[in-house]
Amino acid sequence: MLYRDPAQIADGWLMRAAPALWLTLLVLIAALPTPFDQSPVPDLVLTGVYAACIRRPESVPIAVLFALGLLQDLLSTVPFGLHAVVYVLVHGLATRLPVARDSFLQIWLGFVPVAALAGAAGWLAVCLHHMVWIAPDPVLARSAASVIAFPVLALPLLWLFGYTRHVP
Amino acid sequence: MEETPRSIGETLDHGLRIAGRVLQRLSFAGLAVLAFGLVLIGKIDTRIVDGARSTIADVTAPVLDGLSYPLASAYEWFQDISTIGGLMAENRRLREENARLANLRLIAHDLKAENAGLRRLLRFDPGPVAKSVSTRIIADTGGVFARSLMVHVGSTHGIRKHLPVLAAEGLVGRVQTVGRQAARVLLLTDLNSKIPVAIGEQRRRAIMIGTNGPTPRLEFFASDTDPVPGAIVLTSGDGGVFRPGLPIGIVEPDAGTGWRVRPFVDWDRLDFVRIVDYGAPPKVDLAQGAD
């Protein structure tokens, strides 16, 4: 029987868990107060989730993103389950997109429908939860800001997820 | 066309692959339905979710506190740098404001003396002295779908649910959930916020309802006459959640048909808040679905 070094096994586990750990850190960073309260701020966690689905789909199974969404919901005051809905749908779309994983332009273009879906799903869920019509302008502005800021936010994340890839 | 016969191993492998794909699809559909169901039934019983939110707030508060310090310092440094160019203009504005405030101080001094005299005359009992805790904001836990903040004080610091939260300019919101070491503040702009208010010198009653936008709207006016644009909006104290007279903002006409309130608080510069305990616990929670 072939025995592996415990340090090697731990390293493998850490590499496998790295994307989920980074995404958890992003959830905390996204909660930090900013002086741009009235301006549309790009969705850092959504960008991270998409980047992880593109670069490391095997390390971010749908259940992990579901749990991540619930964590973000508990950290905020949005309806419980809102981010879980969004990330499950994003996983469903991002892992099925016909995007060449080595073309940044295609990855960026692929983020457009993902940001639109995330904004629409979140907006619809909040409207149904409160049973009121909510102006969609801030959601559209945020989705647009996320797409525009994608190269700045996603490039380091794509590199990071690629760097922490598990090599058996 | 003749199909190539498969070995038992290949058949098993093929079957496992199909089963895996079906399981993944089922988990996708199942989790999507489960998450959507949580959103819809989340309004029915919020006690479990509130308890979990308090626990998460307690656990994450030290991390958020640590992370927010360097960020706050960086913003402060950036603001200092960006204001260097306008120091002359700022100095001139402050001189003018100082002259205006000196005049107001004299008026306030006279009013204070008059107020003290009237209180003595009426043997007025001002009631218990309010206790307050000032704290730094460690997280902006809202976003486009909710408006809330997290502060690093909790039940061990005497914080209770529903206590009003103030900034230097006026009302910010109220305490929504309390952990041992952290609390979450529901802002007056949140969709769940419904505050009874008094408008202008006539103290006309209305309800201020949050919209998740910067300006909450006014509804359910007690009388038919329209409010005056620019009139000051204060808490009315109706319902017992807020003490009467806490400043909120000014009335402005809505582009549509109604009226809105422009809060005094500058949300972009909100770093510290004060949580005030006026003694008596709130009697009624008017913020539907917020507790």
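These notebook entries record what I looked up in a predicted model of a complex containing chains A and B.

**Entry 1. Confidence**

I began with the scores of the predictor, which gives the complex an ipTM of 0.80 and a pTM of 0.79. For chain B I noted an average pLDDT of 84, with 87% of the residues scoring at least 70. I then compared the elements of chain B: the lowest mean pLDDT, 75, belongs to α1(B), and the highest, 95, to strand β3 (residues 164–166). Over residues 284–291 of chain B the pLDDT stays under 50, and the model has 21 contacts beyond four places in sequence for this stretch. Where pLDDT is low, predicted coordinates should not be read in detail.

**Entry 2. Contact between chains A and B**

How many residues does each chain bring to the contact? I recorded 38 residues from chain A and 41 residues from chain B. On the side of chain B that touches chain A, the elements giving two or more residues are α1 (8–41), α2 (47–83), β1 (131–139) and β5 (183–187). The largest share of that side comes from α2(B), with 11 residues. By residue class, I listed 25 nonpolar, 10 polar and six charged residues on the side of chain B that touches chain A.

**Entry 3. Helices α1 and α3 of chain A**

I next examined helix α1 (residues 6–30) and helix α3 (residues 62–75) of chain A, whose axes come within 10 Å and cross at roughly 20°. Because angles under 35 degrees count as roughly parallel, α1(A) is roughly parallel to α3(A). I noted the crossing of α1(A) and α3(A) as right-handed.

Which residues meet there? From α1(A) I listed A20(A), L23(A), T24(A) and V27(A), and from α3(A) their counterparts V64(A), L68(A), L71(A), Q72(A) and L75(A). The contact of α1(A) with α3(A) comprises seven nonpolar and two polar residues, and no charged ones.

**Entry 4. R262(B)**

I located R262(B) in strand β11 (residues 259–263) of chain B. Is R262(B) buried, exposed or partly exposed? I classed R262(B) as partly exposed, because it has 15 C-beta neighbours inside 10 Å, whereas a buried residue needs 20 or more and an exposed one has 12 or fewer. Leaving aside residues up to four places away in sequence, R262(B) touches T215(B), G249(B), I250(B) and E252(B). I also checked R262(B) against E97(B): the two are 165 residues apart in sequence, and their C-alpha atoms are 22 Å apart in space.

Conventions. Residues numbered from 1 in each chain as written. Chains lettered and ligands numbered in written order. Predicted model: local features only at pLDDT ≥ 70, side-chain atom pairs only at ≥ 80, totals over all residues. Contact = placed C-beta atoms within 7 Å. Helix = DSSP H or I, 4+ residues; strand = E, 2+ residues; numbered from the N terminus. Nonpolar A, V, L, I, M, F, W, Y, C, P; charged D, E, K, R; others polar. pLDDT = per-residue confidence, 0-100. Axes fitted to C-alpha atoms, helices over the stretch in contact; angles between N-to-C directions. Parallel < 35°, antiparallel > 145°, perpendicular 65-115°, else oblique. Left-handed = near helix turned anticlockwise from the far one by under 90°.
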